[in-house]
Amino acid sequence: MDPIHGLLYGLSRAIEPQILILGFLGCLWGTMVGVLPGIGPVAGITILMPFTFGMDLTPAMVMMAGIYYGAMYGGSTTSILVAVPGETSSIVTILDGHQMAKQGRAGAALALSAIGSFVAGTFGILGLTFLAPPLAELAIGFGPPEYFALALVGLSMSSFLSNASLAKGLAMAVIGLIIGTVGLDIVSGQPRFTFNNMELAGGLEIVSILIGLYGISEVMEMMASKIRPQIQHEKLWNLRRLLPNKLEWRLSIWPIIRGSVMGFFVGALPGAGGTVPSFISYAMEKRMSKTPERFGKGAPEGVAGPESANNSGAVGAMVVLLTLGLPYNVVTAVMLSAMIAHGIFPSPLLMVRSPDFFWTVVASMYIGNFMLLILNLPLIGVWASLLRLPYRWMTVFIVLFCIIGVYSIEYRSFDLLLMALFGGIGYVMKRVDLPAAPLALAIVLGPIMEKSLTQSLIMSDGSPFIFVTRPFAAASMVLFFVLMFLPLIQRKLGRRIAPVGEVEM
Amino acid sequence: MDRFSSAVLLAFVAFYTAAGWSLDTWAKNAPGPGFMPRLLALVLAVLAILIWVQAKPSPESHEEVESYSKREPLIIFLLVLAYVFVMPQLGFPLSNLLLVVALRRMVEPSSWRADLAGAIGAVVIIHLVFVQMLALQFPVLPVWWGE
């Protein structure tokens, strides 16, 4: 099926009432979790994921994709109005977005953010529509060595980009891989680390661990922090003056275009997702500006560029998931585990074997993008008022949702115990500055990596040289070693590359 | 703090290695069930040592200590843990009620009446949506109810 026919077919399915309603609910929930500080898209998807197990995969995926890009839209609202990022890709929006709000231009900042997100989202989905088929065709030739090498690069990149040191990021990734070794060995069927416990024989339930790490630990973090975001009434009044003025438009058009294009391609890289493109866009706009001194003081480009980049970056990450079946950030890792739970293993053949699924998800993203524009522009006041919700009630409902979500997977108390333990572990990790993202990504990638490593070594009669004799695998291994030794090279050269969150502002 | 993390990681490596000691590393021409665990244990040990070596003394900032509380996260953790053991005995609605009341009383409480009324409301909503509408199979009654 060529892209145009595929898209038309997908549109015919995407307008079915069930898919339309679930897509809308996904966008609604996504915007809400994006707006609320503390709960990001990962927690938003993981909490709701178990409820999707009773649905067909297509509407379930449409809903999860809606949550993902809905959170990208919603995250900017809190950044602009209260200087607290709704999720990580909106951190950089605080710098100029909140300054604009302080100057009475909150409405303009929110409008630029929503319109930029819409343009970038549309660009990203167009990219997905037309680039996914050739990319999948290229990837059909990939075997286990290529998959192992690509997964290795994804994990190391995720560790490299985490705010902690590379050693800490990698250590967390290895812990995630270790978690994946619990259960029956994929080749021999021999039990590993099960301690004669039947509950452990099937492996540790990934969703319970993720909900613990991102749901329960977030609640603990929210309650540990005594600082509560305060929203000013006058800022909400200013939302009535929603449209940007001529100068703001003129300054924002090119940053939106640049952010959309760059974000899509960077977002498709391992570990990048929506966060890295937003930081790159900010740095790029500041460097390209004739008046860089305005940045940090309410420059509209500092809102329009990063907000566009994080949305197209989110779609870029989906390209890799849907064509290679590899999750390169935590959100897509969660989506992959949902797809596996539904019995679909994404691969380059996904478009051939399940065209209905693929094209309906893509088409629903176009519709979802329109829904989000409508949800985020006229209803912005409603979203902003969410910030006035009492924290103690939010805590109660998130905890209950986590419990219900985990228990409804297999109705086992053991999964609840796992969630509680990983909630505690996730919180302690935050306190001792150990990143959760590489761990979460590794938990999902672990079984894929072990399977492809074993298959590769069987193919080569045990020789590890198989990873350097095949061009794509070799190139990926070179990239992996460069990443590993980059800190050493930087030290030798006396320079260092700033991780995400430390890009020159 | 980094040295503490490193020590915990090394202890974990020791436990993991001991637990997987009997697994074969290699079987015929293919990696055995112990291959990946041993490889991972080795890499983690190296990384833990690296974290130890790179650790810098980090002066604890007063500001952070003041803006973070240890009590609330610990309470939430213990309550969720207790819920895991209580729910199969008491059933879903009653355990939820106890959890919500406890959460509300221990984390930013208001009056008893308001907390109890709020908790009952939350439990009824949750029960209607998830048990009645979505037909999730939760244990509704306590285990001793039918005896």
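Me: Why is Phe481(A) called partly exposed?

Reply: The model is a predicted one. Phe481(A) has a relative accessibility of 42%. Buried needs under 20% and exposed needs over 50%, with partly exposed in between, so Phe481(A) counts as partly exposed.

Me: What makes Phe480(A) buried or exposed?

Reply: The relative accessible area of Phe480(A) is 14%. The limit for buried is under 20%, so Phe480(A) is buried.

Me: Why do Phe480(A) and Phe481(A) count as an aromatic pair, and of which kind?

Reply: Their ring centres are 5.1 Å apart, with 70 degrees between the planes. Rings pair if their centres lie within 6.5 Å, and planes over 60 degrees apart count as edge-to-face, so Phe480(A) and Phe481(A) form an edge-to-face pair. The whole structure holds 19 aromatic pairs over all chains.

Me: Why is the pair of Phe12(B) and Tyr16(B) called stacked?

Reply: The planes of Phe12(B) and Tyr16(B) are at 15 degrees and the ring centres 6.0 Å apart. Stacked requires planes under 30 degrees apart, so this pair is stacked. Both residues belong to helix α1 (residues 2–19) of chain B, and because they are four residues apart there, about one helical turn separates them.

Me: Which of these labels, buried or partly exposed, applies to Phe12(B), and which to Tyr16(B)?

Reply: Phe12(B) has a relative accessible area of 27%. This value falls between 20% and 50%, so Phe12(B) is partly exposed. Tyr16(B), at 5%, is buried, because the limit for that label is under 20%.

Me: What makes Arg105(B) lie over the face of Trp112(B)?

Reply: Arg105(B) is at 4.4 Å from the ring centre of Trp112(B). The distance limit is within 6 Å, and the charge must also be within 35 degrees of the ring normal. Arg105(B) is listed as lying over the face of that ring.

Me: How do you know that Lys168(A) and Asp2(B) form a salt bridge?

Reply: The closest N and O atoms of Lys168(A) and Asp2(B) are 2.7 Å apart. The limit is within 4 Å, so the two residues form a salt bridge. The count between chain B and chain A is one salt bridge.

Me: What else describes the contact between chain B and chain A?

Reply: The contact takes 59 residues from chain B and 61 residues from chain A. The two chains bury about 5,300 Å² between them, 79% of it on carbon and sulfur atoms. Tyr407(A), Tyr411(A), Phe92(B) and Phe138(B) form one aromatic cluster.

Notes:
Residues numbered from 1 in each chain as written. Chains lettered and ligands numbered in written order. Predicted model: local features only at pLDDT ≥ 70, side-chain atom pairs only at ≥ 80, totals over all residues. Heavy atoms only, no water. Buried < 20%, exposed > 50% of the residue type's maximum accessible area, 1.4 Å probe, protein only. Helix = DSSP H or I, 4+ residues; strand = E, 2+ residues; numbered from the N terminus. Contact = heavy atoms within 4.5 Å. Buried area = accessible area lost by both parts, 1.4 Å probe. Salt bridge = Lys/Arg side-chain N within 4 Å of Asp/Glu carboxyl O.
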